[in-house]
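Subject: Structure handover

Hello,

Here is the structure I promised to pass on to you. Please have a look at it first, and then read my notes below.

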Amino acid sequence: MIITVNGTEHRIEPSIAEKSLALWLREDLMLTGTKIGCDIGVCGSCTVLVDGKALRSCKLKLKDVATKNVITIEGMSAADGTLHPIQQAFMDCGAIQCGFCTPGMVLSTYALLLENPAPTRAQARSAIKGNICRCTGYQQIIDAIMQAAQQMREG
Amino acid sequence: MKYTSDGVKAFRNDAVAKVTGTAKYTDDYTMPGMLHAAPVYAPIASAKINGIDSAEAIQMPGVLAVFTAKDIPGNVVFGQIIKDYPTLALDRVRSTGDVLALVVANTREQAIAAIPSVKLNLEEIPALFDPELAMQPESPLLHPDHGSNVCNYHCVRTGDIEQGERDSDIIIEQEFKTSRAEHAYLEPESALCYLRPDGVMEVLGSMQHPFSTRRFVASTLGFQLKDVEVRTVPMGGGFGGKDDTAALVCARAALCAYLLKKPVKLTYNREWSMRESYKRHPYTLQYRMGLKKSGKIQFVKVRMVADGGAYCSVTPWVTWRSTVQCCGCYEVPNVHCDVYGVYTNNVFSGAFRGFGSPQVNFSIEQLVEIAAAKLGISESEFRRINMVHQDSVTITGQKLDTHTVSLKQAMDTVLNEVDYEAKLPLCSFGNKDADEWYGIGYAISYRGMSLGAEGTDFNSAIVNIQPDGSVLLETGIHENGQGSESAMILILAEELGIPQELIRYRFPSTSNIPDGGTTVASRGTILGGGATVKAAELVKQRICEGVETALGIKGCTYSKALVFNAEGKQVADYFSAIQMCYRKQIYPYAFGVFQAPRVSWDEHTGHGNAYFTWVYGCQAVELKVNPKTGQITLLNMLAAHDMGKAVNPAMLAGQFYGGMTMGAGYGLYEDTPLQDGNPQISNYHNYRVLRSTDLPEMTAYFIQNPDPNSPSKAKGIGEPTLELMAPAIANALYRATGVRFNSLPLAKGVQDYIKGQQQ
């Protein structure tokens, strides 16, 4: 079984097929940008993109994402380090405080904008409903989503 | 000034790392040979420990050791005020958060799997869960050494309370109850400790008080402070909650690492975090207030009982703030205030953003509206009659004459911006014919800045300018996620007149810089920023000295990255001045100290200059209630606070929005029900924090009266923003439903009321 993570294919031994995707990313691939906040799929800190959909990696087993394409926060910026417009918007808008929710927020935003390039603020709010942030009150995260959407539309 | 995000770019020194996932939090670190620990909790809240049998557990796969209190080489108990918290419980269980043993295994899963195999031989003894009962003299003592279940007592005696009674035309009485809120920081506690070859126990951990953590670790191991180095890595939220508990987690990991001579990680899961970590103190507050028909408050008599739970933690300090601020931001000539912090077998209570003020504000900001209604005058008029103003004397005898008292400015800003008077007639007051009930409400406060008479209040900063002109900065303040490092960088950049890109905030360590106290009490910017300004002043003198020596002149001055001679002519720019310093062997290095202005306190009378400066604020909310379901929808939230100076506007706005949100969550939903002392919350599915869709758009208004007591002119903002939304919502709910809800959380009160009406 093959799982593609940030463009790289990984061959998975059947013996670890039941392992949690979040733990595999963190422990085996050392992609520690994926955070574990609740481990029961309700806080959104471990959000990754699986074939373009924002999913909770703590609730997924490796067998659930066999043959699929996984993008983590480490896969968001370009190879030369250029930040994705969503990342830049989070920085510019003050959407980051403690930063623990940030990777999941960025990926939920990415999933939203893949589906809806021109969301309203209410739609942006809805898109991050599953991602808890205890620091910011979400407002500047919404600002960042709107700014990122605009910049991505304008290319 | 209304904050708008247009054209404002936030500055954070850690933003790239955090937004790319490369920022490494404690649990993201691993070390070769690293082992994992897991805690074994007490299943009941009160018991004698007859024995702990680890024979079976030690046989479990991967398990290397099971440690108990008997393995602790240093002190078993520790604490910031009263040393009553056992790092591992020795002979007695006082709370279901007590850890009796630590299982250490090759993997975390193995350690967790072995927990049930540790056999606890406990003999249950009667528990005390009600603070009022615990206070009775005949109740058994939780801590016999303390001699009482009253952990601490504070009072205020001002004026003549009997005269106040006689002078009053109307007297009102009201009891309020507040909830046991959980910090619910997104990153659970975590520590990674290892004994270095040089004999130093190095601690990586998620905590907001590295120096306190160092004391906990050193005490547990029997080490000197120099032999423990705490390095603080990014922390996933604290809000006051990563003080004692976080330090205990570090001490436990350090104990295992010391005994096994291997790196040991102890990362909490959410269930452990919610079970063990301290909560916001639930209070019962009984107020009696006397009023003149003219609207002037004649007296306040108040008794508060705070449930401190099983251990002291910082209960004496939390309740002290409640004492000083017991009458809210009002002038009251006669005050009789008694405040008790009480030991019970409940999960313990400790520091939480707001620190003793949210409970008081929830009560007093409703009480003044109840009073105004009794007198038949508007709540705003009543507040204006009684609020503190420039040169007012507080109930503890402190004259507010060292800074701008901007309470009225804050209140007027919010009421004008929300158009309060125009919206009052729209309020439903439980109108039976309405499909939805609309309400608007607000609250005001003042808040003493920083620690006040809780403790010594000083901080230091090191500015170390390198030969190429780049700068290493560090302070005794800790980055909790609020952006303190960025604020310090901006303050230093302004002082030196150099671009912020030239400044790097050095990786913090307790071995780098003197103990600067804990990063709590909204003291980061005011104390750390103050120390940064002091260090900048000194380093500018050093730079001038370097230029003077190099050029053989006297009387140089530094201004905006340029050095001028005595005649005011420019003789060097920043970079050439630094080169001159190094050439002449004068280090452009400075150690700056900011010592907060003196405060005073008399414990017997409750009098003194409690805090060296104060901040003022007002928050308002509009909401609607569904009369059938009781569902509450927040429609609009806004806040105005005087923080002296906006150092980093986007991050400052983040403190506003985050504080309002946490305050709204505290007001509406947040509570930790207990069953025989044990928290009945275990994760975010049964502890409701506000999500994005629970919130309206928010507006922040910055009031900037530079504070002469602060070298940077800035004051604090973290806590003022949290302490007002709960009473504002309570006042709005009153105008929506026509009913006063005097207990937190409010949503439960509204639900119960609606259900009662339907029956």
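Let me start with how chain B is put together: it is divided into domain 1 (32-121 + 189-267), domain 2 (283-452 + 603-758) and domain 3 (458-595), with bounds that come from an automatic or database domain assignment. Please keep in mind that this is a predicted model, in which local features need pLDDT of at least 70, side-chain atom pairs count only at pLDDT 80 or more, and totals for chains, interfaces and linings use all residues. Residues are numbered from 1 along each chain as its sequence is written, while chains are lettered from A and ligands numbered from 1 in the order in which they are written.

On confidence, chain B averages a pLDDT of 96, and 100% of its residues score at least 70; pLDDT is the predictor's confidence in each residue, from 0 to 100. For the complex, the predictor gives an ipTM of 0.98 and a pTM of 0.97.

Back to the domains of chain B. The centres of domain 1 and domain 2 of chain B, taken over C-alpha atoms, are separated by 37 Å. Between these two domains, 17 residues of domain 1 of chain B are in contact with 18 residues of domain 2 of chain B, where contact requires C-beta atoms, placed from the backbone, to lie within 7 Å. The side of domain 1 of chain B that touches domain 2 of chain B has five nonpolar, eight polar and four charged residues. In these classes, Ala, Val, Leu, Ile, Met, Phe, Trp, Tyr, Cys and Pro count as nonpolar, Asp, Glu, Lys and Arg as charged, and the others, Gly among them, as polar.

Two helices of chain B are worth a look. Helices (H or I, at least four residues) and strands (E, at least two) are DSSP runs, numbered from the N terminus. Helix α17 (residues 649-668) of chain B has 20 residues and reaches 28 Å from its first C-alpha to its last, close to the 28 Å expected at 1.5 Å a residue; the expected span is 1.5 Å times one less than the number of residues. Since 19 of the 20 residues of α17(B) are buried, this helix is largely enclosed by the rest of the structure. Buried here means that 20 or more other C-beta atoms lie within 10 Å of a residue's own, exposed means 12 or fewer, and partly exposed is in between, with C-beta atoms placed from the backbone.

Helix α9 (residues 315-324) of chain B has nine of its 10 residues buried, so it is also largely enclosed by the rest of the structure. Among the buried residues of α9(B) are Trp317(B), Trp320(B) and Arg321(B). Their cover includes β9 (150-158), β16 (297-309), β17 (334-343), α10 (357-375) and β18 (437-448) of chain B.

Strand β2 (residues 47-53) of chain B has two antiparallel partners to point out. With strand β6 (residues 92-93) of chain B, β2(B) pairs over two bridges in the antiparallel sense, and Ala47(B) has Val93(B) as its bridge partner. Six bridges join β2(B) to strand β8 (residues 119-124) of chain B, again antiparallel, with Lys48(B) opposite Glu123(B). Pairing means that DSSP finds at least two bridges between the strands.

Now to chain A, which is divided into domain 1 (2-75) and domain 2 (85-154). Their centres, over C-alpha atoms, are 21 Å apart, and 15 residues of domain 1 of chain A are in contact with 13 residues of domain 2 of chain A. β3 (47-50) and β4 (53-56) of chain A each supply at least two residues of the domain 1 side, and β3(A) gives the most, with three residues.

How do the chains meet? 41 residues of chain A are in contact with 46 residues of chain B. On the chain A side, the elements that give two or more residues are α2 (85-92), α3 (102-115), α4 (121-127) and α5 (139-154), and α2(A) has the largest share, four residues. By class, this side divides into 18 nonpolar, 16 polar and seven charged residues.

α2(A) is mostly covered, with seven of its eight residues buried. The cover includes α3 and α5 of chain A together with α1 (15-20) of chain B. Just after α2(A), Gly94(A) takes a positive phi of about 75 degrees.

Finally, Asp143(A) sits in helix α5 of chain A and counts as buried because it has 22 C-beta neighbours inside 10 Å. Leaving out residues up to four places away in sequence, Asp143(A) touches Cys93(A), Ala95(A) and Ser5(B).

Best wishes
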